[in-house]
Amino acid sequence: MDLSKLNYPDVSERLAAAAALATEIKAGVSPTSEVNNHVHTIYSFSPYSPTLAAAMAARAGLRAVGIMDHDSVAGCGEMIEAGKALDIATTCGCEIRVDMTGTAVEGRKINNPDSANNIYMAFHGIPATTFKAVAEFLKPINQSRVERDKKEVEKLNLILARASLPPLDFERDIRAISQADNGGSITERHILYALSLKLIDTFGKGQALIAFVNDKMGIDIPAKVQAFLLDPENPHYAYDLLGVFKSAIVPDMFIQPDAVECVSVYGAVDFANHIGAIPVYAYLGDVGESPTGDKKAEKFEDDYLDELIPELKKIGFKAITYMPPRNTLAQLQRLQRLCRDNDLMEISGVDINSSRQAFTCPIIMEPAFQHLTEATWALIAHEKLAAAHANYALFSPENPLADRPLTERLSKYADIGRRINHRHPENVLDLVSF
């Protein structure tokens, strides 16, 4: 089956291809109860259009898939339409970084490896009726980010000059491989991907490229990755090379974002609550011996988590998101207890942004995380109901269930989420009986 049509440049062609291939895509698939709320697309950095991301999720047997792009909601509408065509539930969000000035944890390294006092957060469950408002909110963030991207490319070009490599051109090499002209963002990964493509074009795939990176750029390539790069048929070649550069080059080219790109946490949370989205803190957690084997030992927010979580609740966050494969069970059990103590929803998803990653994640099916699947169905119901009527947003003060415990609200919404006709989610109000 040729899925390349699902990555065509034109959105309408992608969706038409999904509709034509829907039966074939799901043929022979054994459905699971697994869901994933955190899939990046071409509108931030990923090999997948929203349509292809939905198709890959459906082929993997997932029941629901969520789009989560950096600083962009440009792919959200397409994700919804792809879900309808493929009969898979969808949810929409975006990921941003915000400034923690004025909070009880101001100035600390929190969940951002690159910037103290800045955190990653998400808008989950964005009602479709508010996509334009969110895009306007994100516009100055992206404008500032692009200016910083250009300066980072200038710094990278100095590194390339020392290795006798020609410079990267921001417009031709980087913007051109992004969706910035269609509402997407440009990230450091775009810059490193452009560098990877330039080196492949210059040296080809194999020993000559490896030797240049090792000897001329002074970057040690792990043996496992060298084996990948010696294989000219490797379909993930540029992504594997990008991974080498991510840890080796980003520290030397990175520029701290300004207050336009990283807005105040108070303003971002207030905005999300105002439009009926769910403002969510992204838990990272200290890394000792990485359960996934791909993270260096590093400390984040665990030392003061008992202080941080109540502060997030005070600011107005409604949920915490985390990725079970990244952390130990002890870390997550502590986080789960703090979420219960502070009446915060738990949301999960496994970050997908590379062609080498699988869309399934068996750990999500373990008993300790079963409630996260329930939360996804509640999230889906929230999103569809809030688009139909603002008072039905899960955390709206006007919600008919506002005085009920969070666990009860999540249960009722999850029941609705499971019963939604994914080909016609606009009929969700027919399922409301409270």
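**Close-up views of a predicted model**

**View 1. Cysteine 361 is buried, at 10% relative accessible area.** Buried means under 20% relative accessible area, exposed over 50%, and partly exposed in between (1.4 Å probe, protein chains only). This is a predicted model, where local features need pLDDT of at least 70, side-chain atom pairs count only at pLDDT 80 or more, and totals for chains, interfaces and linings use all residues. Residues are numbered from 1 along each chain as its sequence is written, and side-chain values use heavy atoms, without hydrogens or water.

**View 2. The structure has zero disulfides (pairs of cysteine sulfur atoms within 2.5 Å).** Cysteine 361 is in no disulfide. Its nearest cysteine sulfur, in cysteine 339, is 18 Å away. The sulfur of cysteine 94 has its closest cysteine sulfur in cysteine 76, at 7.2 Å, too far for a bond. Cysteine 94 also counts as buried, at 0% relative accessibility.

**View 3. Helix H4 covers residues 131-162.** Helices are DSSP runs (H or I, at least four residues), as are strands (E, at least two), numbered from the N terminus. H4 has 32 residues and reaches 44 Å from its first C-alpha to its last. That is close to the expected 46 Å, which is 1.5 Å times one less than its number of residues.

**View 4. H4 bends by about 35° at leucine 138.** The bend is the angle between axes fitted to the seven residues ending there and the seven starting there. Proline 140 follows within four residues. After H4 comes serine 164, with a positive phi near 60°.
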